[in-house]
Amino acid sequence: MTSYQLHPIGHVESPLKDRSAAPRQPDEGAPEAWIVLDERYLPALDGLRPGTDVLLLTWLHGADRTTLTVHPRGDTTRPPAGVFTTRAPDRPNPIGLHTVHLLTIDGPRLHVRHLEAVDGTPVLDLKPLLTPAR
């Protein structure tokens, strides 16, 4: 199989310091946090505005990449399921997908809400959330 290299463009600064304390979903108490980009990516923010919802891709660096099945939501009373049917962080390629709301932009620092990633999580990419035409 072909392999690919990913290069983080920044990291998350969050009050969440431990994975066990992080909410499972953003609407379950995710705090406001900062996305801190490397200065060289500052031109890539041109046109991004506060009030925008953004898809944030992260590398879940604390994940177990050998995990293929999990109990959904960590609930051992539920039968095991394949990780591709869940949003479990432990998976072969632990790419985190987060929809965050952009509050402010301060140079390469983006203040966001609804981010359940822990402090230090590498940031891979940002994309504006597009709404489908109706």
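**Salt bridges in an all-strand chain**

Modeller: Of the contacts (heavy atoms within 4.5 Å) in the chain between residues at least 6 apart in sequence, 73% join residues at least 24 apart. This is a predicted model, where local features need pLDDT of at least 70 and side-chain atom pairs count only at pLDDT 80 or more, while totals for chains, interfaces and linings use all residues. Residues are numbered from 1 along each chain as its sequence is written, and side-chain values use heavy atoms, with hydrogens and water left out.

Biologist: How many helices and strands are in the chain?

Modeller: Zero helices and eight strands. Both are DSSP runs numbered from the N terminus: helices are H or I with at least four residues, strands are E with at least two.

Biologist: How many salt bridges does a search of the whole structure find?

Modeller: Four. A salt bridge here is a side-chain nitrogen of Lys or Arg within 4 Å of a carboxyl oxygen of Asp or Glu.

Biologist: Which side chain does Glu-13 meet in a salt bridge?

Modeller: That of Arg-109, at 3.0 Å from N to O. Glu-13 lies in strand β1 (residues 10-13) and Arg-109 in strand β7 (residues 109-113), so the pair ties together parts that are 96 residues apart in sequence.

Biologist: What does Lys-17 meet in a salt bridge?

Modeller: The side chain of Asp-119, at 3.4 Å from N to O. Lys-17 is in the loop between β1 and β2 (33-37) and Asp-119 in the loop between β7 and β8 (122-128), 102 residues apart. Lys-17 is exposed, with a relative accessible area of 61%, whereas Asp-119 counts as partly exposed at 31%.

Biologist: And which residue pairs with Asp-125?

Modeller: Lys-127, in a salt bridge of 3.9 Å from N to O. Asp-125 is partly exposed, with a relative accessible area of 30%; Lys-127 is partly exposed too, at 42%.

Biologist: Switching topic, how much of the chain is buried?

Modeller: Buried residues make up 36% of the 134 residues.

Terms used. Buried < 20%, exposed > 50% of the residue type's maximum accessible area, 1.4 Å probe, protein only.
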